[in-house]
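Work through each task with the structure at hand before reading the solution.

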Amino acid sequence: MLKNVKFETSVFSKDKLVKTDLKQIVLVGKSNVGKSSFINALANHKGLAKVGQTPGKTKCLNYYNVNNEFYIVDLPGYGYSTMSASEKANTSKLINYYIENNSNICHIFFLVDIRHKPTNDDRIMYEWLLEKNIPFTIIANKADKIAKTKIDSYLLEITKALFAKEEIIAFSSQNKQNLEIIENKINYLIK
Ligand code: GDP
């Protein structure tokens, strides 16, 4: 469990990005994939990040301060069409600016839904991550919805669809499977 996780701020524009020397771990993934639940599971605090908000509503970066040691930064979820074209363009500009002007980002967790083939947007995100040259981990969330015996074959489907070379970690914020693996990884990353 990560101690002392506090929501700090929501940022909608690049001039408001948090200026800090602390390391940052970033979350990306489509709306509703479970990024808020992921933060709550790490913090062991159900109400910390708001779960199940109207998909696509969040156009901002949400900063979570972890024990004044590092930040977890939740980027806007993609894949819902409720945003207008200009809102989408502004959001992706903000995300690109944040990623490209921030040497404190030490890792990105890319969440996908274990049950579904990656969407076109997921594939675009994967390509984007490769381009950015920041270490990342793919997490297949909602693994509690799949029989344990079938998890490996679902992971293989995602690997194939993304042409991914990285190992994908099955995860569930519901039954906490592999939570310890993620926590250990984070503890290692922020050393
Ligand atoms: P976000 O939009 O990526 O922040 O996604 P949320 O964390 O708000 O989750 C969206 C929905 O998926 C909510 O109804 C959650 O309860 C559900 N959810 C998230 N993670 C899991 C999980 O690991 N297992 C199951 N069964 N449901 C999950």
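**Exercise 1: The surroundings of the ligand**

In this predicted model, 16 residues surround the ligand, and the closest are Lys35, Ser36, Ser37, Gly52 and Asp144. Determine which pocket holds the ligand and how the shell divides by class.

Solution. 
1. The ligand sits in the largest pocket.
2. Sorted by class, the shell holds ten polar, four charged and two nonpolar residues.
3. Helix α1 (residues 35-43) contributes three residues, the largest share of the shell.

**Exercise 2: Contacts with ligand oxygen atoms**

Find the distance between an oxygen atom of the ligand and an N or O atom in the side chain of Ser37. Then examine the backbone atoms of Val33 and Ser173.

Solution. 
1. For the side chain of Ser37, the distance from an N or O atom to a ligand oxygen is 2.6 Å.
2. Val33 places a backbone N or O atom 3.4 Å from an oxygen atom of the ligand.
3. In Ser173, a backbone N or O atom is 2.9 Å from a ligand oxygen.
4. The ligand taken alone exposes 580 Å², of which the protein buries 80%.

**Exercise 3: A salt bridge**

Solution. 
1. Side chains of opposite charge can pair when their charged atoms come close.
2. The whole structure contains five salt bridges.
3. In one of them, the side chains of Asp74 and Lys35 meet at 2.5 Å, N to O.

Notes
Residues numbered from 1 in each chain as written. Predicted model: local features only at pLDDT ≥ 70, side-chain atom pairs only at ≥ 80, totals over all residues. Heavy atoms only, no water. Near = heavy atom within 4 Å. Polar contact = N/O pair within 3.5 Å; in protein donor to acceptor, adjacent residues only side chain to side chain. Areas by Shrake-Rupley, 256 points an atom, 1.4 Å probe, with all protein chains shown as cover. 1 Å grid on protein atoms, 1.4 Å probe; cavity = no way out; pocket = protein on both sides within 12 Å on 5 of 7 lines; lining within 4 Å. Sits in = over half its atoms within 2 Å of the grid points. Helix = DSSP H or I, 4+ residues; strand = E, 2+ residues; numbered from the N terminus. Nonpolar A, V, L, I, M, F, W, Y, C, P; charged D, E, K, R; others polar. Salt bridge = Lys/Arg side-chain N within 4 Å of Asp/Glu carboxyl O.
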